[in-house]
Amino acid sequence: MAKLNTEELLEQFAGLTLVELSEFVKAFEEKFDVTAAAPVAVAGAGGAGAAEEVEEKDSFDVILEAAGDKKIQVIKTVRELTSLGLGEAKAVVDGAPKAVLEGANKEAAEKAKAALEEAGATVTLK
């Protein structure tokens, strides 16, 4: 098998759905015993962190604020957007407000927000 360069790998990942990409990340983490979680930065005293965040944001968290009256449909949508099982997806919906996706790009975050709102949920992007 020929070795793929970075650009070829990125092209392959671009064709995956969010669920497929999430499954890949889990498999990668297990195979190489690593975690793909982004490190959390601690904001310094004062407003230094806020001044640096003037640039346009390219990473969004999709926050489920409330499930609404179509809770089962919202759980199904959460499962479609993530690789969570039924119990885990139900826990996210029951625990609202709760992050459904974290660190998603703008396009993916907007698609997820639209899908959840279509299912009857109240959603915000942060």
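1. A contact here means heavy atoms within 4.5 Å. By that criterion, residues 24 or more positions apart account for 67% of the contacts in the protein with a separation of 6 or more.

2. This is a predicted model, in which local features need pLDDT of at least 70, side-chain atom pairs count only at pLDDT 80 or more, and totals for chains, interfaces and linings use all residues. Residues are numbered from 1 along each chain as its sequence is written, and side-chain values use heavy atoms, with hydrogens and water left out.

3. The protein has six helices and three strands. These are DSSP runs numbered from the N terminus: helices are H or I, at least four residues, and strands are E, at least two. Their order from the N terminus is α-α-α-β-α-α-β-α-β.

4. Of the 126 residues, 19% are buried. Buried means under 20% relative accessible area, exposed over 50%, partly exposed in between (1.4 Å probe, protein chains only).

5. The largest nonpolar core has 21 residues. Such a core is a set of buried Ala, Val, Leu, Ile, Met, Phe, Trp, Tyr and Cys residues joined through side-chain atoms within 4.5 Å. V62, V74, V78, V93, V100 and L116 have the most contacts inside it. At least two residues each come from strand 1 (60-66), helix 4 (71-81), helix 5 (86-94), strand 2 (98-104) and helix 6 (106-118).

6. Take V78. Leaving aside residues up to four places away in sequence, V78 touches L84, A89, V93, V100 and L116.

7. L16 sits in the loop between helix 1 (6-14) and helix 2 (18-32). L16 is partly exposed, at 33% relative accessible area.
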